Amino acid sequence: GTTIGQDSRHCLSVVIGSNGEFVPPDGICWVSVLSCLLLACSYVGSLYVWRSDLPRDHPAVIKRRFTSVLIVSALSPVFVWTWKVYTGVMPGPSLLALMGIRFEGLIPAIILPLLLTMVLFLGPLIQLAMDCPWGFMDGIRVALDPWFWALCLRDMRWLRNQVVAPLTEELVFRACMLPMLVPCASPSTAMLTCPLFFGVAHFHHVIELLRFRQGSVSGIFLAAVFQFSYTAVFGAYTAFIFIRTGHLVGPVLCHSFCNHMGFPALSTALEHRHRLTILSCYLLGVLLFLLLLFPLTDPLYYGLPTPVCTLASVPSSLCIS
């Protein structure tokens, strides 16, 4: 093979095989994993640079954390750029394109992944519609009311859950980490590895729950294990969307929607007076989701190949239409 991208600045070298395929340089996996770990620690650590005796949902705490986490998120592309320079990986797409910030296929990337996620939540959505005292037109009027959105924007918890957390977490844990992980592993392996950083990052909630004695120790740790499992699965799903579509906007919108919906209230559904209908919708939603998972995320809609897939050293079914 021919070595390229090797000079005095680079500790690693990039190799192109005789068949023209990208061959990851030796040691790139250690650099990639350590870079992702440092990025995850920086993100979580930024939440604790402010000393406070107030709980995490207090508006003052949320505002301070907005400041630090937005700074880390704004600097996160520097991690990817530094990783690229250190390893000598010279991808065809630009850095922004690798991070899912591009115009090609933007409209499908806004609509289709969110629609797919709503299909998965068909049961909870039907349950919510049945229990909501508003009619359909009432909901439309509220959604179009600027005063409603003005109230939302003044609510620090709403801003955190629906805007800042989805945007910054998807930027850091998907858009920045996946381009660093894909070259040293297959896209499928990167999709399963990336959520581990995301899940572990949510363990910091245990510190606050223990600090403010919000439950028993065993209950807090059981909740933490459940949250890790849930966030890891969700992280794998948004990583799948990112790799398949090559866009950041889809994972961000799906993250915001899932934060709004919360974990499906199955126990409430089992006790509902229309439980047969609701449970049927739960099952139908899961079946339709599995049927539509690959068709609605077909890279053909978003531009082939998606930028992050150009870094793959071996062909992957995730990157193929």
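A disulfide here is a pair of cysteine sulfur atoms within 2.5 Å. By this rule, the predicted model holds one disulfide.

**View 1. The disulfide of Cys309 and Cys319.** The two sulfur atoms of Cys309 and Cys319 lie 2.0 Å apart. Torsion about the S-S bond is about -80°, so the Cys309-Cys319 disulfide is left-handed. Both partners sit in the segment after α14 (275-292), 10 residues apart. Cys309 and Cys319 are each buried.

View 2. The cysteine sulfur closest to that of Cys36 belongs to Cys194. Cys36 has 0% relative accessibility and so counts as buried.

**View 3. Cys254, a cysteine in no disulfide.** For Cys254, the nearest cysteine sulfur is that of Cys258, 6.5 Å away. Cys254 takes part in no disulfide. Its relative accessibility is 0%, so Cys254 counts as buried.

**View 4. Packing of helix α4 on helix α12.** Helix α4 spans residues 106-120, and helix α12 spans residues 249-261. They pack at an angle of about 30°. Their axes are 8 Å apart. The crossing of α4 past α12 is right-handed.

**View 5. Residues at the α4-α12 contact.** From α4 come Leu106, Ala109, Ile110, Pro113, Leu114, Thr117 and Met118. They meet Val249, Gly250, Leu253, Cys254, Phe257 and Cys258 of α12. By class, this contact has 11 nonpolar and two polar residues.

How values were computed. Residues numbered from 1 in each chain as written. Predicted model: local features only at pLDDT ≥ 70, side-chain atom pairs only at ≥ 80, totals over all residues. Heavy atoms only, no water. Axes fitted to C-alpha atoms, helices over the stretch in contact; angles between N-to-C directions. Helix = DSSP H or I, 4+ residues; strand = E, 2+ residues; numbered from the N terminus. Left-handed = near helix turned anticlockwise from the far one by under 90°. Contact = heavy atoms within 4.5 Å. Nonpolar A, V, L, I, M, F, W, Y, C, P; charged D, E, K, R; others polar. Buried < 20%, exposed > 50% of the residue type's maximum accessible area, 1.4 Å probe, protein only.
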